[in-house]
Amino acid sequence: MYDLTGFQRDLLYVIAGLEEPHGLAIKEELEAYYEKEIHHGRLYPNLDTLVEKGLVDKGQRDRRTNYYTLTRRGRREIKARDEWEAEYVPDDFEA
């Protein structure tokens with residue numbers, strides 16, 4: 001996961017957290033988080049990069065809608081990242 005951008009890591013987390021992650025649902029989640037519009041020209045190339053890296057699988061629900069799921073490797077990468085973060089930010093951390 002070290003070679004991903006922050007946006008790509010956020011995509012992985014959103015995909016992991018959604019029940020039926022498709023492009024529009026992912027876009028809406030990220031827009032709520034970032035509090036600004038996410039353009040298709042940013043979203044879909046980054047999703048394709050995650051597919052190319054073997055972290056996400058892409059399927060087709062219908063002619064217009066693709067769905068995305070984490071691969072086994074994608075799940076392992078998220079787990080490894082969580083473990084790495086836990087080394088530096090304890091569960092009882094208060095801001």
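The contact between helices α1 and α2 comes first. On the α1 side, the residues are G6, F7, D10, L11, V14 and I15. They meet I26, E29, L30, Y33 and Y34 in α2. Sorted by type, the residues of this contact are eight nonpolar, one polar and two charged. Keep in mind that this is a predicted model.

Now the geometry of that pair. Two packed helices are described by the angle between their axes and the distance between the axes. Helix α1 covers residues 6–17 and helix α2 covers residues 23–34. Their axes lie 10 Å apart, and the packing angle is about 120 degrees. Angles of 65 to 115 degrees would count as roughly perpendicular, so α1 is oblique to α2. The crossing of α1 past α2 is right-handed.

Next, the other partner of α1. Which residues of α1 meet α4? They are R9, L12, Y13 and A16, and on the α4 side they meet I78, R81 and D82. Helix α4 runs over residues 72–88. The axes of α1 and α4 come within 11 Å and cross at roughly 110 degrees. That makes α1 roughly perpendicular to α4. The crossing here is left-handed.

A word on R9, which sits in helix α1. Not counting residues up to four places away in sequence, R9 touches M1, L4 and R81. R81 is also one of the α4 residues in the contact with α1. As for F93, that residue is 84 residues from R9 along the chain, and the two C-alpha atoms are separated by 22 Å.

Now the core. The largest nonpolar core has 18 residues. Which of them touch the most other members? They are L11, L12, I26, L30 and V56. The elements giving two or more residues to this core are α1, α2, α3, which is 40–52, and β2, which is 66–70. The most comes from α1, with five residues.

To finish, take I26, one of those core residues. I26 belongs to α2 and takes part in the contact with α1. Leaving aside its neighbours within four places in sequence, I26 is in contact with L11, V14, I15, L18, P21, L43, L47 and Y68. Among these, L11, V14 and I15 are in the α1 side of the contact with α2.

Conventions
Residues are numbered from 1 along each chain as its sequence is written. This is a predicted model: local features need pLDDT of at least 70, side-chain atom pairs count only at pLDDT 80 or more; totals for chains, interfaces and linings use all residues. Side-chain values use heavy atoms; hydrogens and water are left out. Axes are lines fitted to C-alpha atoms, for helices over the stretch in contact, and angles run from 0 to 180 degrees between N-to-C directions. Helices (H or I, at least four residues) and strands (E, at least two) are DSSP runs, numbered from the N terminus. Angles under 35 degrees count as roughly parallel, over 145 as roughly antiparallel, 65 to 115 as roughly perpendicular and the rest as oblique. A crossing is left-handed if the near helix is turned anticlockwise from the far one by less than a right angle, and right-handed if clockwise. Contact means heavy atoms within 4.5 Å. Ala, Val, Leu, Ile, Met, Phe, Trp, Tyr, Cys and Pro count as nonpolar, Asp, Glu, Lys and Arg as charged, and the others, Gly among them, as polar. A nonpolar core is a set of buried Ala, Val, Leu, Ile, Met, Phe, Trp, Tyr and Cys residues joined through side-chain atoms within 4.5 Å. Buried means under 20% relative accessible area, exposed over 50%, partly exposed in between (1.4 Å probe, protein chains only).
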